[in-house]
Amino acid sequence: MKKIGLSILTLVLAGALAACGAKNDANNQGSAGESGSEPEKQQEVTLKIGASPVPHAEILKEAQKLLEGEGVKLEIIEMNDYVQPNVQLYEKQLDANFFQHTAYLEEFNKERSYDLVKVTGVHIEPIGVYSKTVTSIDELKEGAKIAIPNDPTNGGRALTLLAKHGLIKLKEGVDVDATIADIEQNDKKLQFVELEAATLPRALDEVDAAAINTNYALTVGLVPNDDALIIEDKDTPFADMLVNILVARPDNKDSEAIQKLAKALNSPEIKAFMEEKYDGAVVPTF
């Protein structure tokens with residue numbers, strides 16, 4: 001009897017252990033099935049980007065389409081000046097900006113002791129001279145009033161363009177850093193008015209001609225390749241300094257989201273978009 005009782009007890013314990021093992025296996029299989037059946041959803045990152053309305057914000061809106069499904073959303077903040085996009089980026093109110101060329105960034109960093117950095121180059125916008133009073137640069141009369149940008153490098157670009165077409169002569173060795181003080185010869189006694197770049201299109205009614213950045217020319221319906229009296233050559237010797245760039249801070253320039261945006265801005269789709277929409281007024285550099 002003792003042997004029979006012991007055998008029954010052994011069988012009961014073995015059955016209980018087997019049942020527990022089966023239950024644990026089922027639980028483990030269920031957990032594995034749940035984790036493997038549905039991949040973890042990618043967390044979306046929103047980047048706040050400061051940009052000039054045209055063409056930069058338009059290009060960013062096109063890039064946003066390429067970033068769908070990449071976990072990156074762009075909050076594009078349009079700005080009409082050349083100071084606040086850098087100030088707000090430095091103060092971490094923005095994650096990046098897209099409005100300026102390399103030469104301007106370098107000068108801005110130097111003046112403000114900032115350390116903003118280029119992420120990638122995207123395009124070049126030639127600067128042109130426009131007028132409502134003459135149809136040829138040679139028609140400018142003695143004492144004509146010409147408005148140029150008052151910011152670093154863009155004023156120098158305007159003066160260099162005028163010098164290239166024989167209206168003035170600059171000191172030897174100056175280029176994008178030229179200022180009015182560097183004018184050595186001015187046979188027509190041209191008068192130069194330095195204004196904030198964004199106001200130059202409106203100043204056309206008050207001056208004989210104005211050197212206007214392409215982004216501001218486009219906002220008022222000017223077609224650079226048709227309306228400019230003279231325009232920068234895309235093959236200018238300092239073209240690499242004039243490339244419009246995506247800019248970030250040292251602490252976030254290598255982040256996955258910023259790098260995905262940079263890749264989108266250098267994509268074949270964005271290149272085709274610029275070539276079709278701007279007809280040579282905005283030239284891709286990649």
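**Helix packing and burial in a predicted model**

Colleague: At what angle do helix 2 and helix 10 pack, and how far apart are their axes?

Modeller: In this predicted model, helix 2 (residues 53-67) and helix 10 (residues 268-278) pack at an angle of about 140 degrees, and their axes lie 10 Å apart.

Colleague: Is that roughly antiparallel or oblique?

Modeller: Oblique, because an angle has to be over 145 degrees to count as roughly antiparallel. The crossing of helix 2 and helix 10 is right-handed.

Colleague: Which residues make the contact?

Modeller: Helix 2 contributes P55, E58, I59, E62, A63 and L66. From helix 10 come E269, I270, F273, M274, K277 and Y278.

Colleague: And what is the contact like by class?

Modeller: Between helix 2 and helix 10 there are eight nonpolar and four charged residues in contact, with no polar ones.

Colleague: Why might residues three or four places apart point the same way?

Modeller: An α-helix has 3.6 residues a turn, so residues with that spacing point the same way.

Colleague: Turning to helix 5, is it mostly covered or mostly exposed?

Modeller: Helix 5 (residues 154-164) is mostly covered, with nine of its 11 residues buried. Among the buried ones are N154, R157 and L162.

Colleague: What follows helix 5?

Modeller: G166 follows helix 5, and its phi is positive, near 80 degrees.

Colleague: Now the whole chain: how many helices and strands does it have?

Modeller: The chain has 10 helices and 13 strands. Of its 286 residues, 46% are buried.

Colleague: What is its accessible surface?

Modeller: The accessible surface comes to about 15,300 Å², and carbon and sulfur atoms account for 49% of that.

Key. Residues are numbered from 1 along each chain as its sequence is written. This is a predicted model: local features need pLDDT of at least 70, side-chain atom pairs count only at pLDDT 80 or more; totals for chains, interfaces and linings use all residues. Side-chain values use heavy atoms; hydrogens and water are left out. Axes are lines fitted to C-alpha atoms, for helices over the stretch in contact, and angles run from 0 to 180 degrees between N-to-C directions. Helices (H or I, at least four residues) and strands (E, at least two) are DSSP runs, numbered from the N terminus. Angles under 35 degrees count as roughly parallel, over 145 as roughly antiparallel, 65 to 115 as roughly perpendicular and the rest as oblique. A crossing is left-handed if the near helix is turned anticlockwise from the far one by less than a right angle, and right-handed if clockwise. Contact means heavy atoms within 4.5 Å. Ala, Val, Leu, Ile, Met, Phe, Trp, Tyr, Cys and Pro count as nonpolar, Asp, Glu, Lys and Arg as charged, and the others, Gly among them, as polar. Buried means under 20% relative accessible area, exposed over 50%, partly exposed in between (1.4 Å probe, protein chains only). Accessible areas come from the Shrake-Rupley method with a 1.4 Å probe; for residues, only the protein chains shown count as cover.
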